[in-house]
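The following paragraphs lead through selected parts of the structure shown here, beginning with a pair of helices and ending with a single residue.

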Amino acid sequence: MTKNKKNESEAEKKIKISTLFYGTAIFILLAFLFSAIFVYRLNSPNKIPGYIYNHIFYPAVIMDGTEFISIGSVNQNLLSIKKFYESQDFSSLGLRFDFTTDDGKRRLKIREKELINKMIEDRAIEILAKERGIKVSKKTVSDNVDRKMDEYGNRDTIGENLKNLYGWTIGDFEEKIVKPSLYKDELEKWLMENDGKGKNEKSQQNANDAKKRLEKGENFDEVAKAISEGGTSETGGKLGWFKADQISEEIRKDVIALKKDEISDVLESKLGYHIIRIDDTKEVDGAKIYDVNQIFFPKTSFATWLDTQIKAMNVWILLVDYKWNEKTGAVEFKDEEMERFEVESLNKAQKDASLLTF
C-alpha cells in the first residue's frame, strides 16, 4: 500500500470513528431530552413502572445551582404519605379520605405541594448547617435512633410499624426524619450561640431602656410608637382583649397580677422581652378578660431567620404544576383553580383525614 493510500485509509477510519462518536452522543442527548419530557409531563405511578417512578434522578427542585431534590425522592415520600392514610381507619373519628376520586387526587396534590416545601426546608437547613461547619455523621444519626429504640420499644416492632405505616425501613426513618431533625437542632443551637446571642442581648437592653423611660414619666403609648418592635407599635402597643389562658404561660402570672393602668417590669418569654400595661378588665361569660398593651422587643426566632435565609436562596421548581414564590419563600400551584380548591379544602379539613397533618 502506498503512503498516500495508507493516509487516506487512516483518515477515513478517523472520520468513521468521529461520526460514530457524535452520532452516539446525539442519540444519548435526544433520548435524555425525550425521557425528560416524558417524566416531567407524565410523572405518575400509573404511567411509569414502580421502581423507575421511585428512582427518577431528574431534579424536581434545584437550590443555589448545585443542590437538587430528585423527582424520585418526592415520589417516594408522596407514596409514603398515601400509604399512611390508606393504612389507617379514620371512620371512628368521622373522617374520610379517598384518593381515587378527582377531588381525592387533587387533595393528594395538596399534600405533594406541602411535602415539596418541607423537603426544601430540610435541604436548606442542611445547606446552611454545612456552610457553618456543622456536620451530622451517619454514626450520630444511628446512635440517636438506637437511644430512641431503647426508650420506646423493641427495634423489630418499631421497624415493622414503620414498614406497615409508611413502607419505610429504619434506614429510611433515619434519613428522612432523624437526620433532618438533628441538623435543625444543631443549626438552631449555632444561631442562638452566635447571631442570636447578640440580638437577644440587644433586645433585652432595649427593653430595659424602655422601662427606664417609663419610670421617668414618659407616656407608654408614645414610647411604644417610638421604639417597640412589636407589630402593634403604630397603635401604641394595643393588643386587645385576652383571657388568661390566651396569654403566654411564661408571663401569664405577672400579667394577670397587674392592676388597671399598672405597668409591668421587663418580662421575658421565648418570643422576646415584654413590658405590659393593663388598660382595663371585665368579665365575659363568667371569665375575666384583660385589655393588654405592650412594648415588645423580639428574640432571635429560628423560624424567622430560616425563612429569611430560604428567601435569599435561588430556588427553581422544575415540576410543571408548581412555581416558586420568591416573596413568600414557598412553592405554590401554577393553576389558580388548584389554589382556590386548596383554600376551600383546608377550610373543610376537619372532615377529610387526607388534609390533616401527621
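Helices H3 and H6 (residues 155-166) pack at an angle of about 95°, and their axes lie 6 Å apart. Here helices (H or I, at least four residues) and strands (E, at least two) are DSSP runs numbered from the N terminus, while axes are lines fitted to C-alpha atoms, for helices over the stretch in contact, with angles from 0 to 180 degrees between N-to-C directions. H3 and H6 are therefore roughly perpendicular to each other, a term that covers 65 to 115 degrees. H3 contributes Ser80, Lys83 and Phe84 to the contact, and H6 contributes Lys163, Asn164, Leu165 and Tyr166; contact means heavy atoms within 4.5 Å. These residues comprise three nonpolar, two polar and two charged, where Ala, Val, Leu, Ile, Met, Phe, Trp, Tyr, Cys and Pro count as nonpolar, Asp, Glu, Lys and Arg as charged, and the others, Gly among them, as polar.

The model is predicted: local features need pLDDT of at least 70 and side-chain atom pairs count only at pLDDT 80 or more, whereas totals for chains, interfaces and linings use all residues. Residues are numbered from 1 along each chain as its sequence is written, and side-chain values use heavy atoms, with hydrogens and water left out.

Helix H3 (residues 71-86) also lies across S1 and S2, running at about 45° to S2. These strands belong to an open sheet of three strands, ordered S2-S1-S7 with antiparallel pairing; two strands pair if DSSP finds at least two bridges between them. At the edges are S2 (67-70) and S7 (315-317), each pairing on one side only. Neighbouring strands of this sheet are turned by 15° against each other on average, direction ignored. Three bridges join S1 (residues 59-63) to S7, and valine 61 stands opposite isoleucine 317 in S7.

A second open sheet has four strands in the order S3-S6-S5-S4, again with antiparallel pairing. Its edge strands are S3 (238-243) and S4 (267-268). S4 is joined to S5 (residues 272-284) by two bridges, and leucine 267 has histidine 274 in S5 as its bridge partner. Helix H9 (residues 220-227) lies across S3, S5 and S6 (287-298), at about 45° to S6.

Finally, asparagine 325 is placed in strand S8 (residues 322-325). The side chain of asparagine 325 reaches the backbone nitrogen of lysine 327 at 2.9 Å and that of threonine 328 at 3.1 Å. Beyond its neighbours within four places in sequence, asparagine 325 is in contact with Ala330 and Glu332.

Conventions
Polar contact = N/O pair within 3.5 Å; in protein donor to acceptor, adjacent residues only side chain to side chain. Parallel < 35°, antiparallel > 145°, perpendicular 65-115°, else oblique.
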